[in-house]
Amino acid sequence: MRYSRFFLPTLKEVPAEAEIISHKLLLRAGMIRKLASGLYSYLPLGLRSLRKIEGIIREEMNRAGAQEVLLPLVQPAELWQESGRWDRYGKELLRLKDRHQRAYGLGPTHEEVITDLVRREVKSYRDLPLNLYQIQTKFRDEIRPRFGLMRGREFIMKDAYSFDVDDEALEETYQAMYQAYCRIFERCGLNFRPVEADTGSIGGHASHEFMVLADTGEDQIACCTSCDYAANVELAEVIHPSDHPDVRPSRPMTKVNTPGRRSVREVTEFLGISSDQLVKTLILIGDGRPVVALLRGDHELNEVKLRRSLGLEDLDLADSDTVQRITGAPIGFAGPVGLPGDLKIIADQDLFDLTDFVTGANEVDAHYTGVNWDRDVPRPEFADIRFITEKDPCPRCGGEIELRRGIEVGHIFKLGTKYSEAMGATYLDADGRERPIVMGCYGIGVGRTLAAAIEQNHDRNGIVFPRHIAPFEVIISPLNVKDALIVEAAEDIYNGLMAQGIETLLDDRRERPGVKFKDADLIGIPLRITVGKRLKEKNEVEIMDRATGKTISVPRDRAVEKTSEML
């Protein structure tokens, strides 16, 4: 491809809308352009990289036994009503009506559609296992689209759905998908970790996220430094010792005046205690009912863990009016002493052995000191409901935990029979008995993978693409296109590389060398061949490795051979 004929509008300045490095570089490198909030057009350079990623995905999915389909983007409301998600999914599902006033949703995901397809066609155990995938546009009406391709409203996704006879067969399929995902992200040149994760709105009983490690990641993951344990902090398990020391109260419960002290820091500084001696009391609403969560002042509530522990679909912090009504005091003064007996109260497991602690007194400007279980407060239910910290041991091996930032690029789920039972997707087993099909679900954000690769592979000059997802493998920069010898050499090398199937961009523009070098660095092509004064002096050209910055000089007639070796 010749640069002069290629639609590649690079930018010198960083657009004001861009916040993170991938968004800045995708715009500056002429790979995407914004149409509206969360909606982006892919330009030729960006689409070339996107297609490379799609190609890797297709190869590995086909290798794992999956078959490609293409499903409608517009989905009938009736299917979502069958699964129960029409009302539960929330405002991210864009709802619309056709001219006949029939309700539809613009597909954010395709569990319902694929389940409907399979229930119509699969009748017997002989038709299973089955694994179907697609690479297709999705739409989720994000409340706050941001970070370019990281969190858009319209995006390209690979989603696969497996259908098996039982949990054992699903486990085999799940592991095949797990390995396929590892190969995909390895081939894309990414530093990633598979982590245990919450199933979220998709549902199911187990899942793994594939996280690209990057400081700009929206997700936080807990990684063990000694073993391969890794989990999203929403799910990361906190281990509490099973042996409980014989601890006894040593102080009476006393109400103290704490004027205007609401926060953990304000209360602990005022009373001269450490934050691990204060018990926070949080009021939440779960499935329409109030729930009380207790945890140490130095810990943070993990709402995902609490929701899973209580078996709730929805869970949100209560508003100030609700807190006042339940506790009799404004936010900041709630405590477990004297709360109504019919309230559901759950305490973090680290409170089990705590004695003589401080809590709110359920009245304004007052706290209790010397509070103890059984004597002052009925002992509640205990569970792991907090976020893991770097002070906690690894739940697998007891090693040290390290908290890292990650970008989720893939997510796989064991759905079980959540959708097949709701929608009547069944098969007849070998004995003629009707059984629900056991399902799995496997997604990859294709555009997000491209953005994550840039987050992980860049320098101050621009993108540093891993070879297999770079839009081109080589860029040739003739420094004087008015010099016949330089042009002839550049054309010969270009034709030689193209003849070997090496994707090459020939920068034939009438631009200064500095402009050509800056654009080549910006778009991140792995190798740059410079044809300039060394050709006239020594009949040599220079080959630079974009990742290392290392430059070598080779004779003109060996340029194609050496480039091929380096790739």
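Arg 63 and Glu 60 sit 3 residues apart in helix α2 (residues 44–63), which puts about one helical turn between them. Helices here are DSSP runs of H or I with at least four residues, strands are runs of E with at least two, and both are numbered from the N terminus. The model is a predicted one, so local features need a pLDDT of at least 70 and side-chain atom pairs count only at pLDDT 80 or more, while totals for chains, interfaces and linings use all residues. Residues are numbered from 1 along each chain as its sequence is written, and side-chain values use heavy atoms, with hydrogens and water left out.

Arg 63 and Glu 60 form a salt bridge, with the closest N and O atoms 3.3 Å apart; the term stands for a side-chain nitrogen of Lys or Arg within 4 Å of a carboxyl oxygen of Asp or Glu. As for the spacing, an α-helix has 3.6 residues a turn, so residues three or four places apart point the same way. Arg 63 counts as exposed at 57% relative accessibility, whereas Glu 60 counts as buried at 3%. (Buried is under 20% relative accessible area, exposed is over 50%, and partly exposed is in between, using a 1.4 Å probe and protein chains only.) Both residues also belong to a salt-bridge network that links Glu 59, Glu 60, Arg 63, Arg 183 and Arg 187.

The structure holds 53 salt bridges in total. One of them joins Asp 384 to Lys 305, at 2.9 Å from N to O. Asp 384 lies in the loop between β20 (381–383) and β21 (401–416) and Lys 305 in helix α8 (residues 303–310), so this pair ties together parts that are 79 residues apart in sequence. Both Asp 384 and Lys 305 are buried. Another salt bridge connects Asp 141 with Arg 153, where the closest N and O atoms are 3.3 Å apart. Here Asp 141 and Arg 153 each lie in the loop between β7 and β8 (154–164), so the pair ties together parts 12 residues apart in sequence. Asp 141 is partly exposed, with a relative accessible area of 24%.

Helix α1 (residues 21–28) is mostly covered, with 6 of its 8 residues buried. These are Ser 22, His 23, Leu 25, Leu 26, Leu 27 and Arg 28. Their cover includes β1 (32–36), β2 (39–42), α11 (446–456), β25 (458–459), β26 (462–463) and α13 (513–523), with contact taken as heavy atoms within 4.5 Å. After α1 comes Gly 30, whose phi is positive, near 70°.

Gln 101 and Asp 356 have positive phi too, though neither is a glycine: about 65° for Gln 101 and about 50° for Asp 356. Gln 101, in the loop between β5 (94–97) and β6 (103–106), is exposed at 56% relative accessible area. Asp 356, in the loop between β17 (344–348) and β18 (357–360), is buried at 9%. A cis peptide bond, with omega about 5°, joins Leu 128 and Pro 129.

An open sheet of 3 strands runs in the order β13-β19-β18 with antiparallel pairing, where two strands pair if DSSP finds at least two bridges between them. β13 (254–257) and β18 stand at the edges with a single partner strand each, so one side of each is left without a neighbour in the sheet. β18 is joined to β19 (residues 366–371) by 3 bridges, and Gly 360 has His 367 as its bridge partner in β19.
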